[in-house]
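Keep the viewer open as you read.

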Amino acid sequence: MLLAGALLGTAACAPVTPLDTTQLPPIESMIQEIDKDRLMLTVADLVATHKSEEPMDCSLVGANGSVFPELCNLTRVKAGELMYNRLQQLGTLTMSRQVVAKDKLTASNVIAEYKGVKYPEEVVLISAHFDAYYAAADDNSTGVAAVLEIARVLSQYKFDRTLRFVGFDLEEYAYVGSARYVESLREKNDVVLAVNFDSLGYYSDEPGSQQGALGLPAPSQGNFLTVLGNDNSLARVDEISALNDAFDSTIMFGIVTSGLGNNAGSAPLLRSDHGPFWLSGHQAIFITDTAYFRNPGYHNPKDTIDVLDPVRFHRAVQISAAAIAYWAGGPR
Amino acid sequence: MKRTLLAGALALAGLTAVEARAEGEQPAAETAPAAEAPVHRFGVYSRGGVHAYLSNSRSVGVFGGSVGVRDIIQDRFILQADVGFLTNLGNAVPVQLAAGVQRKGLYSPAALLTLTSFFGERLTFVTVDHPVAIRTPPVALGFLLAPARFNVAGGEISLLEFGLGVSPEFPGWGVAYQLNLVSVGVSF
């Protein structure tokens with residue numbers, strides 16, 4: 001047991017790799033192109049799209065639909081089409097949809113790829129789920145808008161690694177889209193890192209606006225951006241935190257869960273599309289405003305665009321774009 | 001009289017033997033020959049409950065148990081070391097060294113100073129104060145109290161032990177919380 005303890009302790013003492021500072025000036029210049037107004041316009045378009053769609057038939061969930069009314073207010077088709085069309089309009093991405101029909105649910109993920117110039121076989125995946133409840137401003141029109149804006153800006157540059165922009169379907173129904181995508185990686189595992197966005201736009205300076213849990217302490221004010229990793233991606237959390245300091249972007253709170261991240265006490269940290277990546281041993285980072293730990297509009301009709309904070313949302317996307325560019329080896 | 005009050009106070013505190021007698025009362029050793037207590041009584045013990053280390057930079061443990069070895073010296077002083085397994089916020093291995101005193105007799109509450117380290121998995125937080133995830137295990141200095149502990153026929157049973165410890169976090173402090181629901185030991 002002592003030996004096991006010593007070994008575990010040694011594993012916890014892995015060295016920290018410092019940032020490659022030569023990459024920073026072009027990254028800093030590039031992230032200035034992330035457009036705040038365009039981000040909010042995209043969120044508005046997505047909200048309008050969700051509102052215009054008839055919710056998905058929820059007879060599959062049976063009696064759960066009366067206990068959890070949000071299950072009967074899920075929309076996804078038009079938002080998926082919007083995401084696909086906007087990525088296609090960039091003109092430089094290779095587009096596809098991954099459609100997997102299984103167990104009464106058909107998931108249709110949106111995939112757009114931008115080839116790397118040095119290590120094209122290594123993929124940095126950037127994702128957000130486009131299915132959503134109610135108006136879905138924060139959860140997850142902000143995440144989809146972040147993917148679209150980062151794709152727009154980064155596709156104007158060259159990177160060592162391939163960038164794959166993915167819209168996951170049916171996240172709200174137990175991560176169906178991302179789970180099936182990760183299953184498909186068994187045939188060709190080229191993803192070296194996944195960066196997942198889910199709820200990026202809700203912030204509050206009110207003391208007490210942020211909730212925590214036993215073992216999950218949090219600042220009292222819900223005015224920070226949270227970056228989550230597991231042991232496999234611990235170094236990535238350190239790196240995005242260092243980039244955030246270097247660019248003085250936003251208030252950031254990093255959480256690294258142990259092992260793969262599937263511990264009972266940290267179960268809330270698994271609740272988005274990074275979860276299937278973690279559980280299959282992939283490096284994955286989850287970037288979020290912490291959703292239901294902060295936002296009273298989580299999964300209810302109050303998730304509207306007027307409660308979003310455009311300035312902090314913009315900063316969150318900027319620092320995310322910086323980190324993705326850093327990890328992809330660019331821009332060139 | 002003063003001697004009686006002092007001995008009574010110590011007995012109440014549970015940190016000395018039940019030897020508080022009225023002045024003039026004959027000590028038991030003078031009235032009946034008693035078996036000589038061994039200088040060292042070695043034993044093993046096991047315990048289970050809640051053990052967690054919580055700070056603004058990391059959280060470790062929560063539920064689990066430990067097994068350890070113990071030396072009771074002159075029926076009064078305790079040296080012990082144990083290693084355990086904790087889960088909930090990851091799989092962690094707490095290692096605790098402790099030294100303290102116990103009351104002699106059937107009812108034998110104890111108080112120990114503890115030095116505890118938590119190896120293995122944990123939740124780590126990257127904040128303004130801790131811009132890089134801490135990789136080293138925390139080492140907490142604290143105490144453990146066993147107010148409901150009994151010596152029965154060469155064995156010990158203890159209920160609801162509780163302890164606290166602190167560890168520096170540079171900056172700040174973390175706190176180790178320990179609540180052993182039950183601890184059972186055997187001495188040889």
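Start at Ala136(A), which sits in the loop between S5 and H6 of chain A; helices (H or I, at least four residues) and strands (E, at least two) are DSSP runs, numbered from the N terminus. Before going on, a word on ground rules: this is a predicted model, where local features need pLDDT of at least 70, side-chain atom pairs count only at pLDDT 80 or more, and totals for chains, interfaces and linings use all residues. Residues are numbered from 1 along each chain as its sequence is written, while chains are lettered from A and ligands numbered from 1 in the order in which they are written.

Back to Ala136(A): its phi is near 65°, a positive value in a residue other than glycine.

Tyr134(A) is in the loop between strand S5 (132-133) and H6 of chain A. Tyr134(A) isn't a glycine, yet has a positive phi of about 55°. Tyr134(A) is buried as well, with 22 other C-beta atoms within 10 Å.

Step into helix H6 (residues 137-154) of chain A and you'll find Asn140(A). A cis peptide bond links Asp139(A) to Asn140(A), with omega about 15°. Chain B has a cis peptide bond too, between Phe170(B) and Pro171(B), where omega is about 5°. Pro171(B) belongs to the loop between strand S9 (155-168) and strand S10 (173-187) of chain B.

Now for the place where the chains meet. Here 29 residues of chain A are in contact with 26 residues of chain B (contact means C-beta atoms, placed from the backbone, within 7 Å). On the chain A side, helix H1 (2-11), helix H8 (234-247) and strand S9 (252-257) each supply at least two residues.

S9(A) also runs antiparallel to strand S6 (residues 123-126) of chain B, joined by three bridges; DSSP has to find at least two bridges for two strands to pair. Within this pairing, Gly254(A) has Val126(B) as its bridge partner.

For a last stop, look from Gly254(A) to Gln89(A): their C-alpha atoms are separated by 34 Å, and they're 165 residues apart along the chain. Gln89(A) is in helix H5 (residues 77-89) of chain A and is exposed, with 10 other C-beta atoms within 10 Å.

Key. A residue is buried if 20 or more other C-beta atoms lie within 10 Å of its own, exposed if 12 or fewer, and partly exposed in between; C-beta atoms are placed from the backbone. Two residues are in contact if their C-beta atoms, placed from the backbone, lie within 7 Å.
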